[in-house]
Amino acid sequence: MKFAELHYQRGRGPVLALWVLVMQSLSLALTPFDFITVGNIGNASDSTGYGRVDYAYRIGKYEVSLNQYASFLNAVAASDTYNLYNTQLGTDLNVAGITRSGSPGSYSYTVIGDGSRPVTYVSWFDAARMANWMHNGEPTGSQDLSTTEAGAYPLSGATSGIINRNPGARVYLPSEDEWYKAAYHDPSLNGGTGGYWLYPMRSNTTPGNQIGSLPNQANYYTASSAPFGLLSVTQQNTTNSSQNYLTAGGAFSASASAHGTFDQAGNVYEVLDASSGSNRIIRGGTWWANNSGALLQMQGAGRNQIAPATENNVFGFRLAGSSSPEIEVMHSEVNLIDGDSTLDFGSVIIGTQGIIPLIIRNTGTGPLTISGATLDGAQGAEFGTNLVPPVIIAAAQEIQILVSFVPAGSSTGTRAASLHFANSDVDEGVFDLALTGVAYSPTTDFDNDGLNDAAEYKLAALGFDWQTDQTALVTTLFSGANSAGLYSNTQVQELNVGTPLLTRNATTGAFKLTLGIQKSANLINFTPFPMTVPQIQLNAQGELEFEFTSTDNAAFYRLQAK
């Protein structure tokens, strides 16, 4: 089914459009980012006291990569007000990195080498600003409240101190319990009651550090060759200033956690949304550590802290997010408010159709289900939508739907209804919109002045009012229109001779049809136009023919039958 109409699109005037009712989902232009959903709600804590989470959430499958951070920089760091870029990220070849070119106001950023390796030289504040950016839909612009300074965290220019996460944050740094559960917890342990591994590779034994498909491996500095260990990338016991020691996300392909995350042991320490006094908590170990501490840092007991502004070549982060969907309904780039917004179709002629397109967007991190679309209210039957539930909208995706107004009946006036989208958003489970429009009748003459309501509405610019008797103005309109060569349907129809009803003469018993020609110069006043015998004759088909000449430049002729 399709709509094909000249219709009113609010804010844009008449638009000729062919709307296909089954619309495809449209992906937002977001940076590719893999999240893993962690369920098993209300699991028990580990013996360390960490790991219990009483809700479902999502966490990055990999650490934030150079590619992802470079996209962030190119979106908001043309001037880099809050120093999101550390120049050592481009010069420290052990972790490089990202280079910066240009000058303040026009900086651009380019990844060096394999962009799927984790970013380093980022502070807690850098990570929080990226979380804000993703929470806000990855906008482009300066570092302000619409991009990096508000959203998941109320930073507003802060570069020191402890900043707490906002309620309702959609993308954020994982809490310590969220990070710990994703790393060590396994719901299948202990006969399905759940438990914890010593290492986040589903292992209780000392891991290796061989890149590839062997299980129980990680990018760390082993202690197997006393007094020196071996570095994962080179399998040597000394570092080289020109060698990169980071591994790409998923490089240890058989060493995921039970929940499916990679590199929560080794590669880089990950800064968390957790604090101890004025410091931030880090976990997970790194590609470089001293012999005695390397294994411990990868275990659940391996907990450290740093000042939140610290930046180093062993610190990175991963992001987490709410698993709840978030519904956002938009029209003409404006966010509509649940229960407080009205879609106004303006004026629509009865029997025609007005259409308004809407965008339904899922700004959350879990799938959004639209389970119902209902209309009610005084004139609910005159409004409609092409949305056919159930519809599932993936995280960070959107669909376009159409809402229509087809006024019925014969009376001019305001029409109103309500549209309700039942959905899986926790706090907006039914999204309500008011609908309104004015219907104008092409047949009703409310003010009895000789011109229908729809016509008077269309001629409002000439002073017509469908609610006020303006007989003199209507008469002037018709007179002026006829003088300009414009005629009504009724006037033109009078040219049609129609089908006369013949009656029998009671005396003679015969039927008689009399035809005459009438002439008019204006389709208003017709006068007889006599014909003589030479001008009238029967042709070979038995048809009556009239043949005459006229000196008029233009005239109307009609047959009058009686």
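Let me start with an open sheet of four strands, in which the order is 4-5-15-8 and the pairing is antiparallel. Strand 4, residues 35–38, and strand 8, residues 171–172, stand at the edges with a single partner strand each, so one side of each has no neighbour in the sheet. Please keep in mind throughout that this is a predicted model.

Within that sheet, strand 5, which covers residues 57–60, runs antiparallel to strand 15, residues 320–322, and three bridges join the two. If you want a residue pair to look for on the screen, Ile59 stands opposite Ala320 of strand 15. Packed on the sheet you will find helix 4, residues 176–184, which touches strand 4, strand 5 and strand 8, and whose direction makes about 75 degrees with that of strand 5.

Which residues of the largest nonpolar core touch the most other members? That core has 58 residues, and the ones in question are Tyr69, Ile98, Trp124, Tyr153, Phe317 and Leu319. At least two residues each come from strand 4, strand 5, helix 1 (66–76), helix 3 (124–135), strand 8 and strand 11, and helix 3 gives the most, with eight residues. As general background, nonpolar side chains in soluble globular proteins tend to be buried together.

Leaving aside residues up to four places away in sequence, Leu319 touches Phe33, Phe35, Ile59, Gly60, Val64, Ala127, Ala131, Met134, Val171, Tyr172, Leu173 and Pro174. Ile59, in that list, is the residue that stands opposite Ala320 in strand 15.

Strand 20, residues 368–376, pairs with strand 24, residues 413–423, in the antiparallel sense over six bridges, and the bridge partner of Gly372 in strand 24 is Ala422. Strand 24 is also joined to strand 25, residues 430–440, by 10 bridges, again with the two running antiparallel; here Leu419 has Leu433 of strand 25 as its bridge partner.

Asn244 lies between strand 10 (195–196) and strand 11 (269–276). Is Asn244 buried or exposed? With a relative accessibility of 17%, Asn244 counts as buried, because the cut-off for that class is under 20%. A polar atom of the Asn244 side chain lies 2.6 Å from the backbone oxygen of Ala96, and a polar contact of 3.0 Å joins the side chains of Asn244 and Arg117. Beyond residues up to four places away in sequence, Asn244 touches Leu93, Asn94, Val95, Ala96, Arg117 and Val233.

Gly97 itself is found in the loop between helix 2 (88–91) and strand 6 (98–101). The peptide bond from Pro389 to Pro390 is cis as well, with omega near 0 degrees, and Pro390 lies in the loop between strand 21 (383–385) and strand 22 (391–393).

Arg202 has a phi of about 60 degrees, is found in the loop between strand 10 and strand 11, and is partly exposed, with a relative accessible area of 39%. Gln235, with a phi of about 55 degrees, is likewise found in the loop between strand 10 and strand 11, and at 29% relative accessibility Gln235 counts as partly exposed.

Let me finish with the chain as a whole and with the confidence values. The secondary structure comes to nine helices and 30 strands, and of the 562 residues 46% are buried. Of the contacts with a separation of 6 or more, 63% are between residues 24 or more positions apart. The pLDDT averages 86 over the protein chain, and 90% of the residues score at least 70. Over residues 1–30, however, the pLDDT is below 50, and in the model this stretch has 68 contacts beyond near neighbours in sequence.

Definitions and conventions: Residues are numbered from 1 along each chain as its sequence is written. This is a predicted model: local features need pLDDT of at least 70, side-chain atom pairs count only at pLDDT 80 or more; totals for chains, interfaces and linings use all residues. Side-chain values use heavy atoms; hydrogens and water are left out. Two strands pair if DSSP finds at least two bridges between them. Contact means heavy atoms within 4.5 Å. Axes are lines fitted to C-alpha atoms, for helices over the stretch in contact, and angles run from 0 to 180 degrees between N-to-C directions. Buried means under 20% relative accessible area, exposed over 50%, partly exposed in between (1.4 Å probe, protein chains only). A polar contact is a pair of N or O atoms within 3.5 Å; within protein, one must be able to donate a hydrogen and the other to accept it, and residues adjacent in sequence count only if both atoms are side-chain atoms. pLDDT is the predictor's confidence in each residue, from 0 to 100. A nonpolar core is a set of buried Ala, Val, Leu, Ile, Met, Phe, Trp, Tyr and Cys residues joined through side-chain atoms within 4.5 Å.
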